[in-house]
Structures are given as C-alpha cells and as structure tokens.
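Let's start with a sheet and then move on to the ligand.

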Amino acid sequence: VQSEIAEKEEYTPAVSLVDIFFKAKELERKGFDVIHFDAGEPDFPPPEQVVDATVRALKEGHGRYTESGGISAAKNAVADSLNKKYGQNITPKQVLVTAGGRLALYYAFLSLPGKTKVGILSPDWPAYRDISNFLSLPIQFFKSTLESGWEVDLDEVRRSDCKAIVLNYPNNPTGKILESKTFEELVQIANDKGMTIISDEVYSDYVLNPTKKFKSILEMPETKSIFLTSLSKSYAMTGFRAAYIVSDPLTIARMIKINSMIITSMPEFVQYGIIAALNCDDYVKDKVKLIGKRRDVAARALKKYLDAEFYESDGSMYMFPRLHSKKGFFNSEKFALELLESQSVSVTPGTSFGSSFLDHIRIPLLQSEARIDEGIERMSKVLG
Ligand code: PMP
C-alpha cells in the first residue's frame, strides 16, 4: 500500500490535520478529555511583557495604519536582534514585518518568477505544497527517510533543475537540524545552481540538543535568500499573527508593495508586541528547556509503551515516529481516527507531511509531561 501511495505526488490524505483538529474540538465540547497531539500551538502563554506592551500601545492610541513594511522601531528591533544573534549587518531596509509566518511564506513564493520550479525537502510542512500548487509553481520533492536520520540527498539536489528550494530547520515534523557542514554544502549547491533559498526558520530558537549547532541562512549573506520567521512558536504569539521576512532591499521593496495591497500594514499595536518580545531572551530559554524535557518524556514513553522507531528530535517542537501495530500494517490515517474515537487522543497522520509517511505520526511536544506520557500510553490500547 505504502509504495503505491509513494508513487503519487498528488496524493491527498484521507484524514488530514484539520479533520482531526475539528473532530477533537467536537469531542471536547461533548465533555471528553482529549489529549491534543494535533495542531502545533504552544500550550503556554506569551511573555507578560508582550501582552503589557501590546495593551499599552492600544491604550495609547497605536491602533492605526502604519508604513506598509512596518514601523521603524519594529524593523530596527528585528534587525538588531538578528545582528546580535547571527553577527551580521542586516539593515531595516532588508526587513518586512507582516501578519504571520504563513503570509510571510506566501510573499516569499509570490516573489519568485512565474513557473519557478520549487524544491521541497520532504517530509514537509504542508503549506509549502499548498502555496506552490495555488501559484501553479511546479514542485520537486527531495525525500528523506528515518533510516538515513532525515538527511538530505545532496546529489539529488545537485541533479535537479529547481530554481528555488525551501529549507526548514529545525524541522517540522522530523525535529532534524542539519549538521553545519551539510547545511553549508546544500547552500553551496543552491548557489552554484542559481537557486533562491527560502529559509523558514520559525523553530530556530528550539535547539533541544546542546551538541547541535543551528546555522541560519542569514549567516551566509552571499546567498540569494528569503529568510522568514514568526513569533508564534518562540513567544507563543500564535494569535497575534506576527512575523518578519529578511531579504535583499529590492525583494523587500517588492514585498512591501504586495503587503500594502493585501493588508495595508500589520496592526500597529501588534508591532509594539514584537518589539517587546525581542527582549524576552530568558522566556525563550525557559521554553526551550521545557520542550527539551518533554522530548525526553516522549522518547521514553514511545520505547515503554509502543513498538516505535524514531529520530530523537534535536530541534523544533515535534517527534515524528514510525509505529508498528500488532494487528498488521500500521496505517496512520485509520489509526488517527480510531485513536481519537476510542481513546480521545488526537494525532496528525504522517501523510499530512508527504505521501510516503503513512506509517508515521506527528507528536507535538505541546502538552505537559504527564499528558504526553498518558497520550502515548493510550495509543498502546489501539495498537495491541
Ligand atoms: N512554518 C512552519 C514550519 C510552521 O510549522 C508554522 C506553523 N505551524 C509556520 C511556518 C507559520 O506559523 P504562523 O503562521 O503562526 O506564523
């Protein structure tokens, strides 16, 4: 079954993340105690300073339109924070502040010339495929496997005729961070082939394995790249819809025009929230520790209760194990439905991240340690 599905890139999952998410919400309304392993939304609140700064800004009358690329104070804060983090000289002209990572990604894809063939490293967060398809951009998938430790096949990239490639490290869903040397080699190949690199770094703060060093595309300033990140994960600001893009001034100027056409500007008070967030280093450090501990709990529970193979995530907020069932071939779509209906645990089937991952599920590390342990134990009741 799996190899048949793997042939078809156009495969649409029978059960998607959204299906599971809404079914879980419905069960909850009926009073069931649902353990959520569905959406990637932090279970902790944003920093108090962020909420205070946002409310204060509103009270002080900052609820207006702003410059389309963002207010200077926000763009300066972004440039300063990135320069401090990565030792670069990014200027505010290279920054666009906009309403969420998804929109930022959409702008990144929109800025590619029409019909640009886009390389997507799979498993992949589904938005890359959805946006490419929506904009009629052809896709080439570069598949990786659990067996290879989710490594990229660099030769495959070398042989391809893509003119853009999307990178997402630390990765959703696999938790992979490439070794710096591999990352540099991949970027070199992309440069040699004249590819634009779209680097989605929304999980860059979540480096869970202290021996791993995460390298940002911003540390390779000679590269033709579009960097984007969001405040949704590092600061739990999902509903604020706050993100920023960094690229060369010309690309940013073009994106500012698009931003102006689509939303005029992002809400002014949210931009004050961004400025406050960029001063909350201790908050972020705490959350990274928290997610790291949960990763260890999930790994222990997977070994204790299930027949599972997995890569011990070195970053992001997810685990992406392959499961085996005592009852025969493990089908994550059927399993997700059965698990939700019989055990009130909601998981995303692996096929949401690519057609060849039918025997994987994604577990977000966004529940307490006890709930993660219990959720995984409940899975064993379905798997036998
Ligand atoms: N990129 C990746 C890899 C993500 O997982 C997400 C959110 N799940 C985003 C971007 C976008 O997040 P947001 O739109 O909340 O900023």
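Q: In which sense do E1 and strand E12 pair?
A: Keep in mind that this is a predicted model. Strands of a sheet can pair either parallel or antiparallel, through backbone hydrogen bonds. For E1 and E12 (residues 345–349), there are three bridges, and the sense is parallel.

Q: Which residue in E12 is the bridge partner of Ile-35?
A: Strand E1 covers 35–37, so Ile-35 sits in that strand by the DSSP run numbering. Over in E12, its bridge partner is Val-345.

Q: Which are the edge strands of the open sheet of four strands?
A: The order reads E1-E12-E13-E10, and the pairing is mixed. An edge strand here pairs on one side only. That picks out E1 (35–37) and E10 (318–319).

Q: What angle does the direction of helix H2 make with that of E12?
A: Helix H2 (residues 17–29) packs on this sheet and touches E1, E12 and strand E13 (361–364). Angles run from 0 to 180 degrees between N-to-C directions. For H2 and E12, the value is about 175 degrees.

Q: How far is a backbone N or O atom of Gly-101 from an oxygen atom of the ligand?
A: There are 14 residues around the ligand, and Gly-101, Asp-200, Ser-230, Ser-232 and Arg-241 come nearest. A polar side-chain atom of Ser-230 lies 2.7 Å from a ligand oxygen, and the side chain of Ser-232 has an N or O atom 2.7 Å from one. For the backbone atom of Gly-101, the distance is 2.6 Å.

Q: How much of the ligand's accessible area does the protein cover?
A: On its own, the ligand has 400 Å² of accessible area.

Methods:
Residues are numbered from 1 along each chain as its sequence is written. This is a predicted model: local features need pLDDT of at least 70, side-chain atom pairs count only at pLDDT 80 or more; totals for chains, interfaces and linings use all residues. Side-chain values use heavy atoms; hydrogens and water are left out. Two strands pair if DSSP finds at least two bridges between them. Helices (H or I, at least four residues) and strands (E, at least two) are DSSP runs, numbered from the N terminus. Contact means heavy atoms within 4.5 Å. A residue is near a molecule or strand if one of its heavy atoms lies within 4 Å of it. A polar contact is a pair of N or O atoms within 3.5 Å; within protein, one must be able to donate a hydrogen and the other to accept it, and residues adjacent in sequence count only if both atoms are side-chain atoms. Accessible areas come from the Shrake-Rupley method with a 1.4 Å probe; for residues, only the protein chains shown count as cover.
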